[in-house]
Amino acid sequence: MSYRFRWLSALLMAVVLVGLAASAGRPAPMPDYKLGVLLPYSGVFARLGESMTQATEMYFDSIGWTAGGRKITLIKEDEGVPATDVAVRKFRKFVEQDRVDMITGVVSSGSLAALVDPIREAKTITVISNAGFDGATREKKSPWLFRTSFSNWQIGAAQGEWAAKNLGKRAVTLHADYQVGYDNVKAFADTFEPAGGRIVEKIFYPLGTPDFAPYLARVKLAMQNADVVYCFAAGADAVRLVRQWRDFGLTGTPITCNGFMIGDDILPVVGDAAVGMKGALAYISTLGYPENRKFVAEFKQKFNRTPDVYAAQAYETAIFIAEALKKVNGDTHDQKHLMDVMKTITFKGPRGTFKLDPQTQNIILTVYIFEIVQEGSSVVPRVSKVLTNWKDPGVTK
Amino acid sequence: MDLSFLSLQFLNGMAFAMTLFLVAVGLTLIFGLMDVLNLAHGAFYLVGAYIGLTVLKVTGNFWLALIIAPNAVAALGYLVEVLVIRPVYARGHLDQVLLTLGLAYILADLARGIWGAQEEALATPVLLAGSVAMAGLRFPLYRFFVIAFGIAAAVALWVLIERTRWGAMIRAGVSNRTMARNLGIDIGKVFAHTFAFGCGLAALGGVVAGPIIGVAPGLDAEILMLALIVVVTGGLGSLPGSFWGSILIGQADTFGKTLFPQFSLFLIFGVMALVLLYRPSGLLGKPQL
């Protein structure tokens, strides 16, 4: 090795050492907090994914994309509903390739059921912002899984007890022929029956039914011996069902449904066909909380439409994550500590007071009963009853 | 389950059948003449329904939507035939199937880009909004209109194919393409017109069914599958076949859902399989040589 080269390498070494010493004097800037967002951006749930992403970004915008001194960045991937393997693949990509700090999202219960094991194996904190698969916070629960939205059971169960007390003791159920539909009706029956109710007829239809006529005729027939219809439908099925309900002259027949069927996203499409229907849901845009008024006004101004339940859930999920980062001052090295902190986060959001059940790490839900009413020329949901403190029972033996 | 209940279900079945007919007849017409199985047919239905929706929102006039949407989609179909499908006539069925399937995806995605992913529904025309009482139950007026419209369309199509010069050219093209060309018929023009006409019929179905079925992403595939079942059951390429096939499938679906709800998903496939077992080329299809 030449003299000149040895001199050069010594010089380089010196520069590096001086640099290290200098930087040791002040704390290194904290790296960005990378949040993986797993939502459907294609297929039938694409507009849910869009709505949730808009609300998430709207909140992070409002806090300048920083919390607890950490800059927050999003990496988005398509959940790929209805396939469930896509969600698992994208989840692994988040963990292994992007090395994200936390994951949030998932709309479909099917994706969530496929993800519970990967979440446990990856030991990556995942905050579920929609999917209601009960098992995720029951027998399949894990310390890394939090849910800020709802479990399917919570809404149906809250509604069942209320229906038995207020609408009558004999119910006809009408729901889609898939797992979430059955879970929902079972949750309804779980509290409807102990309260003295009885389900006299169960009617179910295939997902994606173009024509509800045969079912509506059966409902009409069954209602000769019943007091109320309980119904679960979502998406395009909900639009068709609500409109055909009116077309067949069933308006006025007592009906209560899972609120997704007549939520803020469906209402502009079905209009006055939904008048008289009573729904149960954890969010409706007409809630009177100041936090909600502000949320609705901001969302309307930014996106030119009324926010729906999906947007509200994603918005509160963003608050939840930011609050957790603030509480640990951005120091997320101790994941155990971060998770303990997350269990205690509480704040006031568009849906009311946000609080998790530390046992299940699932939200303690406030369920709103609302009725669709005609107000002048517009059709609006009016909240008639607030059912508070609905906890998922967790693992039941 | 008394007689009035069953007759109501029969009417429901007819209304559904006539919707199916409007979609299936375009598909069968194109196949019968051009020997092309157009898998983009459902996408033309979807685009037709969306155009109808837009016209309805802008003008508030359902009847205008019923005229504009099929014509617009027919024009689109004409362009597609001339620019995309014509070059692959000589390339066999597999290439055509791949091409039209690709076309279906592109059209459906374009529709999503233009009209968004929100589920929509066409408003029922005010004139037909009510329902009439029938033996204790009610039946929507609009569905009577759908039934009447479907039957009228079937008669008009039959007259068009059997009694007009254009129909004679189509029939000539169906039975012997080379001979028709030698007789001086511009078969390329007949093909393009028929393809456009078939696409227009799909769009017509989209608008007519719009107040009942609505319009949403994914509907194209649902409709295509139903139309294929009808066409295969009725006999590929047969106009009366698609009419009777629609009625058979529409009624089987409606009564199946009423009487055997647990088999409703499978039932129409069962009917199709049963028909094919005894008549391999469908109810009124010509036996394949």
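How many bridges join strand S15 (residues 365–375) of chain A to S16(A), and do the two run parallel or antiparallel?

Reply: The model is predicted. In it, S15(A) and S16(A) are joined by 10 bridges, and the two strands run antiparallel. One position within this pairing can be named: Ile369(A) has Lys385(A) in S16(A) as its bridge partner. In general, strands of a sheet pair through backbone hydrogen bonds, in either a parallel or an antiparallel way.

The pair belongs to an open sheet of 7 strands in chain A, ordered S8-S7-S9-S10-S11-S15-S16, and the pairing across this sheet is mixed. S16(A), which covers 378–390, is an edge strand and pairs on one side only. The other edge is strand S8 (198–205) of chain A, which likewise pairs on one side only. On average, neighbouring strands of the sheet are turned by 20° against each other, with direction ignored.

Next, the contact between the chains. Chain B puts 29 residues in contact with 27 residues of chain A. On the chain B side, the elements that give two or more residues are helix H1 (3–34), strand S2 (137–140), helix H8 (187–213), helix H10 (239–259) and helix H11 (264–278). H1(B) supplies the largest share of that side, 5 residues. By class, the side of chain B that touches chain A consists of 14 nonpolar, 10 polar and 5 charged residues.

Some of these helices also pack within chain B. H1(B) packs against H10(B) at an angle of about 140°, the axes being 7 Å apart. Their crossing is right-handed. The contact of H1(B) with H10(B) is made up of 14 nonpolar, 12 polar and 1 charged residues.

H8(B) has a packing partner in helix H2 (residues 41–59) of chain B: the two axes come within 7 Å and cross at roughly 55°. Because of that angle, H2(B) is oblique to H8(B). The crossing of H2(B) and H8(B) is right-handed. From H2(B), the residues in this contact include His41(B), Phe44(B), Tyr45(B), Gly48(B) and Gly52(B). From H8(B), they include Cys199(B), Ala202(B), Gly205(B), Gly206(B) and Gly210(B). By class, the contact of H2(B) with H8(B) has 11 nonpolar and 6 polar residues, and no charged ones.

Definitions and conventions
Residues are numbered from 1 along each chain as its sequence is written. Chains are lettered from A and ligands numbered from 1 in the order in which they are written. This is a predicted model: local features need pLDDT of at least 70, side-chain atom pairs count only at pLDDT 80 or more; totals for chains, interfaces and linings use all residues. Two residues are in contact if their C-beta atoms, placed from the backbone, lie within 7 Å. Helices (H or I, at least four residues) and strands (E, at least two) are DSSP runs, numbered from the N terminus. Ala, Val, Leu, Ile, Met, Phe, Trp, Tyr, Cys and Pro count as nonpolar, Asp, Glu, Lys and Arg as charged, and the others, Gly among them, as polar. Two strands pair if DSSP finds at least two bridges between them. Axes are lines fitted to C-alpha atoms, for helices over the stretch in contact, and angles run from 0 to 180 degrees between N-to-C directions. A crossing is left-handed if the near helix is turned anticlockwise from the far one by less than a right angle, and right-handed if clockwise. Angles under 35 degrees count as roughly parallel, over 145 as roughly antiparallel, 65 to 115 as roughly perpendicular and the rest as oblique.
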